[in-house]
Structure formats: C-alpha cells, structure tokens
Amino acid sequence: MAATDSVAPLERGLAVLRALCASREDAVRPGDLVRETGLARSTVDRVLSTLTHLDYLRTDGRAFSLAPRAMQFGNAYLAASGLPDALESFAVRLADELDESVSVAVPDRDGARFVVQIPRRRTMTLAFRVGDLLPAERCAPGALFAPHWSTEQRAQWSRRLTSRRLAGGGASTTFSPLPPVPGSPPPQEIESAFDERATTAAKAGWALDDQLIEPGLIAVAVPVRDGTDGRVVAAVSVVSHTSRHSAESLRDHALGRLREAARRMEDELAGSREPATLRRASSPPSGSGSSTGSGQAPRGLPTAALIDEPKRDLGAHYLRSLARGLTVLVALGSRRGGMTLSAVADATGLPRATARRALITLREEGYADCLDAEGRLFVPLPAVLELGYARLCGRGIEELVRPHLLELSTQVHESTSVAVLRGPEISYVARVATSRIMQAAITVGTRFPAYATSMGRVLLAALPSAERDARLAATDLKPLTRFTITDPAALAALLQHVAADGYALVDQELEEGLRSMAAPIRDHRGRVVAAVNVSMHAGRIDAEHARETVLPALARAAARISADLAAMGDRLDLGAA
Ligand code: PHB
C-alpha cells in the first residue's frame, strides 16, 4: 500500500471533523479548526463547506456545529460490529436484576469505548454515553483489555502517560473529559499500579474500578470473549456508587450475575456469527428505548451521482473525494463480518479504484481495518464513534429542535413551539417566543389540555383510533373559551380531518385571541412523537391567510425536524414521560 494511494482530502476532512468533535464548544469557528489541525485556512474552509453541503455540519455563517446526520458514521460501526444488537437485551436484563447501571465497552487502542449504556443513576456521578472513550488505566474494562494489547498499543499507552499528551496521527485518542487524578502520581507509578491491576484481573477474570474516575463512582467488570479465539471483544460492567456499596460489596453482589450475563453474551455472539455474505447488518433496532445503543444500518446512503453533483455548483469548494470517502465509511455499516472491496464499490456505486483508495485512507487513519490476513474484508473500527456519535448521542429534543424553531419564527414572525403528549395533556419541550407575547407565559414544561390545542390535536390524531377515543373518554372536556369544542363526537370527527390533512388549526379554543397551527414530527420509525406549532394573534392574521402564509413554512420545519429525529434514531432523548 503506497502512501500515494491514500486520499489527502479525506485525511484532511477527517482531521477537521475530529477537531470539531473534540472541541469543548458546540459551535466551532474555522480559525479554531485551523489552529487545532495545522491545516491551511483555505483547506479548512473547503472541508467545512463540503461537510455542510452533505448536512454533516450546520452553520450560522460564523461557527460550525454537528448535525444529527453525523450519527451515520458511528451507526456504521455499531451496525457492522453487531454488538449492541447482540448484547443490549442481556445488559438491560442485568440492570433490572441488580437494579444498577450496566454498560458494555470495547477495546479501542489504549482505552475502553462504550457501545451499550443502560443507565440507572441515582447519585450525581458522571454519566457516560455510547461512544465515550475512557483511558484504560481509569476504568474497570481497561484492566481486562490491557493484557491483550499489542506491543504497539502498549507503547502508545506508555507514551501517553509520559507525555500526558495525545499521540498524533490518525484517529486521535480523544478521551471523555474526566476529573483529574488527585495528586497526579508520576507515570511510572500509574504504570506499575495498572500493570498490577491488569495481572490480577486476568487471573481472577474480573476487574474493579474503585473510584478511579471520580470519588463515589465504583464498577466491576468481566470480559466477554470471542468463542473461536478467546479474544476479549468486550467487557460488561456494573456501575454503582459508594453510597450504596463498597467496591468489595458491589463485587460480591454483582459478580455472579455479571458472569452469567457475560456467558449468555458469549453464546449469543457465537450464535450470531454467520458468513459475512449471508448476514447483512440490517436487522431493525430492537426498540428498547433511548438508553440503548442499537447500531442502525445506513439509511439514505447517497448515490455516486448525488455525491458528485455538487462539484458543478460549489466548484473548488466541494471536495468530492472527501464526500466519496465518507460514503465508503457509512457503507461499511451495511454488512456484518466485513465487506470486500467489490461489496463496497457495489454499495456506493463508486469505481473500485476510488473505493479502494478510500478504504486505504480509512485504515491508515484508524477508522477501518482488515479482518483477514489477505486484506480482503474491511470493517469499521470503534474509533469511528468519535466522529460525531459520542457528541450527538443522548442530545435532548429541545437542543435538537431549537435551531429549527428559531428559523421558523424568523420566517413567520410568530412564536413557535414543540410539544409532546403526556396523558391527556401536551407538554412543551421547546419554545421560541417573538416579542409580541400575548398569552400567559409558556415555558418548557408548561402543560395544556390536548383537546383544545393545535399540537394536542395533531398528537391525538396520530393515535390508533381506539386509543384516541379512550383518551377523549377519560378527559374532562371543559369549555376553556366560548369557542372550545367539547362534544366528543365533534372532536372525534375533527381529529379524523386532522389526520387526513396532516395539520391542525385551532381558533381561540384555548384562549380568546389566540390562533395556532400545528404539524406532526415523526421519528426514525415514522411514528408521530411530537408536534410543532406557530401561534398567532387572531386579530392580526385570519385563518385563511394563516393557511396560505404560515402552513408551508410550518410543514417545511416539521419535515426538517423529522429528518433530524430520524438521523438520531434510537439515540434521541425524548425526556421522561
Ligand atoms: C460506566 O459505564 O459508566 C462505567 C463503566 C466502568 C467503569 C466506570 C464507569 O469502570
């Protein structure tokens, strides 16, 4: 593999994306990325405009932030590895049995990266998310992984300890921010203490984290091995707090069940191993809620024509080979057990030589590897999770919809909101108010009866008819103004119309003088999970006019928010019910 075979724009694009994801800020200015990457300003600009064009980034014209679509990269790894799909149901069961947090981590260079997190945190400890990377010496899984490190990994770890800096080149080891170790012992001390822990862990078959991360946080982990070669492919941890257990009592409490869960996980992994050509990583996510890390097979993989087209409009500002390289990375998620060059070329529609160069670059950068000695089967590596997934994972709905509400408010010059259904009421999850506030102050968490609001009607209309009827039957339908519709049959008929029209317009039924219009927001499964609305002063804009002027913008906003929700998949935090 000659160095000339790698793709410079892909290398640079990955460096910029990595720097943006490692930043403390959510929105990063190009100048900061120039400083972080050492690349020329013009290169950074071209990378940013390409990534923005592909909707991996968004910009307000000055700073750039990650868009939900960047979840695609991490999803490719999770889907190809098959680990969340295979293991998370066991982790959920273990968390239920022990009533403690459970996680699964995989070895990633000199660290441990989470691929499943089933949180059950009662105390204020750091909560890690799928994609987060911990330094091996500061967590329980790390002690189980270290005995299997290659000489190079071991050297990388030692270098990190001595330099206290990150080794450069390729995937940077961007660890999750952790509190400093009190007294910060010299590297030799950390090294010998960790070696001892790792040796003991290897002998005992379990490892302990007694407040290595922060005071109070304790964990016990056991290895999950590959059935064929005995390799440690993951570690499953039970995580608790010193207010509930000492490290030793946690071990006594959890070790038996933990081992049993690991054994079941090993059986599942052995059973799910099928020839790569037979098993496509396309099984639907298991749908066990927002706290698990189902890898989702790539959706909406752009075709070669779509990737190439913007070149005409953006000219030199579009780095086609970066776009192509990222498509190759996403495509690696379409199959478990590795993909051949031909399969990648087929999946992306790219010429073999182009796909090959992209794979070589991804391998050099630490984001892909070959499974077999002949170098035929390519897989994405856990480091891919640092390209946006860890940052985006677990983002709340408010954060996600806010920019869209701002844009919609700017377009229609009215207040906009997003709400979800909670029993017979709607509950606001986000709101952008214009200065012409006229109704009682609405904030996040405000509740109104669903039957008398546009968002409520959209949400009720999306329910199966039996459930819709049951909810209406259980609601005390009171007139809130002289316009409120309270007749169950009339409401039922209205909801039918709302379902057919795809929007609701409610005229002064909640409050006199208030007219509002709402549209449904759908998740990655097409289910209506929230609604977005525009509320207007009835005296300023009549219903017909609202339909003509506001509805198109509202519908576009609903579509954009739905697309972002779809990109987040199972990883969106919709908040507690
Ligand atoms: C976690 O899942 O949060 C976790 C796991 C193992 C540790 C520490 C934290 O050692």
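Which are the buried residues of α4? The first legend below answers this, and the others move through further close-ups.

These views show a predicted model, in which local features need pLDDT of at least 70 and side-chain atom pairs count only at pLDDT 80 or more, while totals for chains, interfaces and linings use all residues. Residues are numbered from 1 along each chain as its sequence is written, and side-chain values use heavy atoms, with hydrogens and water left out.

**View 1. Helix α4 (residues 71–81) is mostly covered.** Helices (DSSP runs of H or I, at least four residues) and strands (runs of E, at least two) are numbered from the N terminus. Of the 11 residues of α4, 10 are buried, where buried means under 20% relative accessible area, exposed means over 50% and partly exposed lies in between (1.4 Å probe, protein chains only). The buried residues are Met71, Gln72, Phe73, Gly74, Asn75, Ala76, Tyr77, Leu78, Ala79 and Ala80. As you trace the backbone onward, α4 is followed by Gly82, which has a positive phi near 70 degrees. When reading side-chain directions here, keep in mind that an α-helix has 3.6 residues a turn, so residues three or four places apart point the same way.

**View 2. Strand β8 (residues 232–241) has 10 of its 10 residues buried.** β8 pairs with strand β3 (residues 101–108) in the antiparallel sense, over five bridges. For two strands to count as paired, DSSP must find at least two bridges between them. To find your way along this pairing, look for Val104, whose bridge partner in β8 is Val236. In a regular strand the side chains alternate between the two faces of the sheet.

**View 3. Strands β7 and β8 form a hairpin.** The two strands run antiparallel and are joined by nine bridges. One place to look is Arg225, which has Val232 of β8 as its bridge partner. Six residues lie between the strands, and Gly230 in the turn has a positive phi of about 75 degrees.

**View 4. Gln211 and Gln508 each have a positive phi without being glycine.** Most residues other than glycine have a negative phi, and most peptide bonds are trans. Gln211, with a phi of about 60 degrees, sits in the loop between β6 (207–210) and β7 (217–225). Gln508, with a phi near 55 degrees, is found in the loop between β14 (504–507) and β15 (514–522). Are these side chains buried or partly exposed? Gln211 is partly exposed because its relative accessible area is 35%, whereas Gln508 counts as buried at 16%.

**View 5. Trp157 is part of a ring cluster with Trp149 and Phe194.** Across the whole structure, a search finds six aromatic pairs. Rings of Phe, Tyr and Trp (its six-membered ring) pair if their centres lie within 6.5 Å, and planes under 30 degrees apart count as stacked, over 60 as edge-to-face and the rest as tilted. One of these pairs is Trp157 with Phe194, a tilted pair at 5.1 Å centre to centre and 50 degrees between the planes. The pair links distant parts of the chain, 37 residues apart: Trp157 belongs to helix α7 (residues 151–163) and Phe194 to helix α8 (residues 187–204). Trp157 is buried because its relative accessible area is 0%, and Phe194 is buried too, at 3%.

**View 6. The rings of Tyr428 and Phe448 pair edge-to-face.** Why edge-to-face? The ring planes stand at 85 degrees, with centres 5.9 Å apart, so the pair falls in that class. Distant parts of the chain are linked here, with Tyr428 in strand β12 (residues 425–432) and Phe448 in strand β13 (residues 447–449), 20 residues apart. Tyr428 counts as buried because its relative accessibility is 6%, and Phe448 is also buried, at 18%.

**View 7. Stepping back, the chain holds 20 helices and 16 strands.** Of its 577 residues, 53% count as buried. Taking contacts (heavy atoms within 4.5 Å) with a separation of 6 or more, 67% are between residues 24 or more positions apart. The accessible surface comes to about 24400 Å², with 52% of it belonging to carbon and sulfur atoms. These areas come from the Shrake-Rupley method with a 1.4 Å probe, and for residues only the protein chains shown count as cover.
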